[in-house]
Amino acid sequence: MRRIAFLLPLLIAIPIFAALTPEQQRANLESFDKVWSTVQEKHWDPKMGGLDWQAVRAELRPKVESAQSEAEVREIIGEMLARLHESHNAVIPGEVYHDLANPVKAADDAPVSAAPAAGEEDGTPGIDIRVIDQEAVVVEVEPKSPAARQGVRPGWTIKAINDENLAPALTRTAGTYAKSTMRDMMLSRVVLSRLWGPAGNPVDIEFRDGHDKRVLLSLDREAFRGTPSKFGYLPEEHVWIESKRIGNDVEYIRFNLFLDPAHLVPAFQDAVRSCMSCAGIVIDLRGNPGGIGLLATGIAGYFVAQPDERLGTMQMRELPLKFVVNPRPPVFPGKVAVLIDGLSASTSEIFAGGMQDLGRARIFGTRSAGAALPSMIERLPNGDAFQFAAASYTSQSGKVLEGAGVTPDETKPLTRAALLAGKDPALDAAVDWIRQGARASMNTKGITQ
Amino acid sequence: MKMNLVLSGLALSGLMAISLAGQTAAPATGATPPMPAAVAKPDVDASAAAKPTGPLPSADTVLQHYVDVTGGAKAYDAVKTMVGTGKFVMPAQGITGDLTMYSAAPNKSYALIDIQGVGKVEEGSDGTIAWEISPMTGARIKAGDEAAAEIRSAATDIHTNWKKYYKSAEVTGIDDVDGKPAYKVVLTPQSGSSETEWYDKDSGLVLKSAMTVDTPMGKAPVEIAFSDYKKEGDLTIPTKMVQNVAGQQFEIHLEKVDLNAPVPPNRFDIPADIKALQK
């Protein structure tokens with residue numbers, strides 16, 4: 001999970017009132033026009049649900065012409081987008097845009113989700129974090145990483161990175177995303193964007209250990225874990241998969257991205273096939289931001305025996321694309337548990353939501369990011385950014401995942417106390433569920449009963 | 001065999017919906033590389049169509065003319081196998097792959113595309129069963145009109161013996177295809193929806209085809225532009241095919257085509273993953 005999650009669901013109106021210069025007014029009008037025309041050209045529904053898009057422009061553009069502040073312009077553009085009644089279209093204020101980017105290298109014209117230049121963000125100290133109760137908490141330390149070598153432990157908190165106190169940026173971002181399913185994702189981004197950097201370039205971190213004692217460490221950044229994989233114009237990503245047996249009856253599988261299927265799928269298959277007589281399999285998608293959407297169906301094929309079952313449907317401008325599952329015999333007959341959290345997005349949600357709808361998996365953890373759609377973020381002439389999703393996705397039961405996320409069957413949030421105690425509440429609950437009762441049986445659809 | 005290589009399953013699964021939070025397949029800056037003019041969707045303008053100066057020719061005449069200008073019936077009849085290699089490209093996404101394709105009389109086919117970042121996508125038919133294997137979506141046996149279309153297009157005599165595969169063909173007009181007047185021929189197969197082909201009024205070569213791909217993932221219109229005709233053995237064949245599937249473009253560039261070349265003996269056997277689905 002490197003360049004995760006920059007999808008922004010809400011219009012954020014930061015009240016900065018100042019007289020606009022003619023240059024700003026021109027840029028605001030150009031920004032309005034760019035948002036309007038992008039929706040006109042790329043919205044997944046050419047009819048926009050019957051909305052008269054030309055009339056919307058005619059009504060709102062004069063308001064931009066007479067707007068007295070940047071905030072007012074955002075409100076007007078936000079009102080235009082709100083007419084679509086879709087949560088995933090948004091204008092991102094320039095201030096928040098900067099909080100989400102690495103403050104050292106963020107440039108005014110840098111697109112949020114554009115790939116960093118080679119060598120810019122290719123190193124990590126080996127820490128994964130979540131923001132829990134407004135604190136950046138270490139949830140994982142990669143073995144043999146710089147952090148592991150210096151004794152960093154899960155449950156420690158991070159107060160500052162390179163002498164920058166994290167609290168202000170976390171507070172701003174938490175406020176901005178207070179009502180968004182993507183809050184956890186964006187808060188993590190604030191921290192990770194500061195932790196990551198050029199490999200070989202150390203990062204200074206101020207921790208609090210398990211006893212809340214201040215610990216200052218300078219950690220090297222090393223290459224990300226996994227195998228580099230390149231897919232089209234996506235930036236190179238490191239993809240990894242791991243599996244282990246819990247006891248002798250539960251297989252645990254985790255991978256960081258739905259990418260590089262040529263290597264990911266055989267490894268996943270090996271893990272499943274090594275445990276065909278197990279009581280269950282846990283698929284841990286916490287922190288997995290997605291990848292190739294259709295790979296969700298390919299993974300589901302190991303667990304769904306009935307042909308023509310669907311995880312859901314992506315409605316694109318040109319056609320509906322059904323996410324049909326092709327069974328991969330022999331299909332695993334036991335129970336399936338999927339772990340998700342607020343950083344599980346896109347393909348992870350397509351998989352988890354679809355498996356939940358089919359009754360083939362039980363979901364543990366916390367609500368996912370509600371960021372299921374392929375989207376783009378573009379800078380606007382006035383310095384803000386604009387997020388736009390050019391498709392709509394509904395799960396098989398008709399749930400719209402975007403802006404809502406997948407709700408676990410059993411909500412099991414991660415806590416600092418659990419981490420310090422070496423516990424994983426979601427995984428523990430999943431294993432307990434798998435071990436409850438006799439081995440599951442499947443109906444004709446391959447649905448666990 | 002038709003040189004359309006529709007890759008029906010791949011066509012739709014190619015709309016692979018990059019669903020990585022915060023990422024798009026194309027640069028998010030909006031700096032999607034411009035499509036080269038050569039791969040742009042062929043512009044068919046019926047309104048600007050050349051006015052027929054006389055009665056339209058029969059479909060039989062147009063289709064026979066295509067056979068004549070591309071080598072003649074005798075040359076087609078002499079083709080028992082074909083082996084082609086080339087490139088698969090999705091320009092807007094920056095996705096590329098190596099293509100290898102085989103076909104053999106009467107209607108066997110196999111195509112392998114090794115796509116960077118995805119792996120090996122295979123499609124084939126032994127003349128009876130049409131199938132697809134993808135590392136993304138797994139293996140599946142094609143059914144219905146989708147299977148019929150794939151087996152039909154693999155027939156080595158489809159140009160010289162089209163009436164065996166289509167119950168009717170009709171020239172419905174003359175359209176302008178990228179500035180060239182072209183006969184529009186609507187072919188109705190024995191089963192499935194009709195296919196439309198545009199034949200250059202002057203050269204007789206096929207410029208474009210259009211059909212509907214019907215898979216479990218959905219039904220999508222497909223258009224294919226043919227160009228870069230080259231003489232391979234005794235036949236003249238298009239070596240560049242640009243497919244437009246629901247707004248996504250795929251290009252196939254054939255770099256080498258060998259007619260009547262040896263084909264590995266088990267090339268058209270049903271793969272084990274497909275046999276597993278038959279049980």
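Buried residues are those under 20% relative accessible area, with exposed meaning over 50% and partly exposed in between (1.4 Å probe, protein chains only). This report applies that term to a predicted model, in which local features need pLDDT of at least 70, side-chain atom pairs count only at pLDDT 80 or more, and totals for chains, interfaces and linings use all residues. Residues are numbered from 1 along each chain as its sequence is written, chains are lettered from A and ligands numbered from 1 in the order in which they are written, and side-chain values use heavy atoms, leaving out hydrogens and water.

Helices (H or I, at least four residues) and strands (E, at least two) are DSSP runs numbered from the N terminus. Helix H10(A) has 10 of its 11 residues buried, so it is largely enclosed by the rest of the structure. The buried residues are A:Thr347, A:Ser348, A:Glu349, A:Ile350, A:Phe351, A:Ala352, A:Gly353, A:Gly354, A:Met355 and A:Gln356. Just after H10(A), A:Gly359 adopts a positive phi of about 75°.

In chain A, an open antiparallel sheet of three strands has the order S17-S16-S22, where pairing requires at least two DSSP bridges between two strands. Strands S17 (320–324) and S22 (391–395) of chain A are at the edges with a single partner strand each, so one side of each lacks a neighbour in the sheet. From one strand to the next, the twist averages 20°. Four bridges join S16 (residues 310–316) of chain A to S17(A) in the antiparallel sense, and A:Arg310 has A:Val324 in S17(A) as its bridge partner. Helix H10 (residues 347–357) of chain A packs on this sheet, touching S16, S17 and S22 of chain A, and its direction makes about 130° with that of S16(A). Contact means heavy atoms within 4.5 Å.

Two helix pairs are tabulated below. Axes are lines fitted to C-alpha atoms, for helices over the stretch in contact, and angles run from 0 to 180 degrees between N-to-C directions.

| Helix pair | Axes come within | Crossing angle |
|---|---|---|
| H2 (residues 53–65) and H3 (residues 70–82), chain A | 10 Å | roughly 170° |
| H6 (residues 167–176) and H7 (residues 183–195), chain A | 9 Å | roughly 155° |

The angle makes H2(A) roughly antiparallel to H3(A), and H6(A) and H7(A) are therefore also roughly antiparallel to each other; the term applies to angles over 145 degrees. The contact of H2(A) with H3(A) includes A:Trp53 and A:Leu60 of H2(A) and A:Ile76 of H3(A).

Key. Angles under 35 degrees count as roughly parallel, over 145 as roughly antiparallel, 65 to 115 as roughly perpendicular and the rest as oblique.
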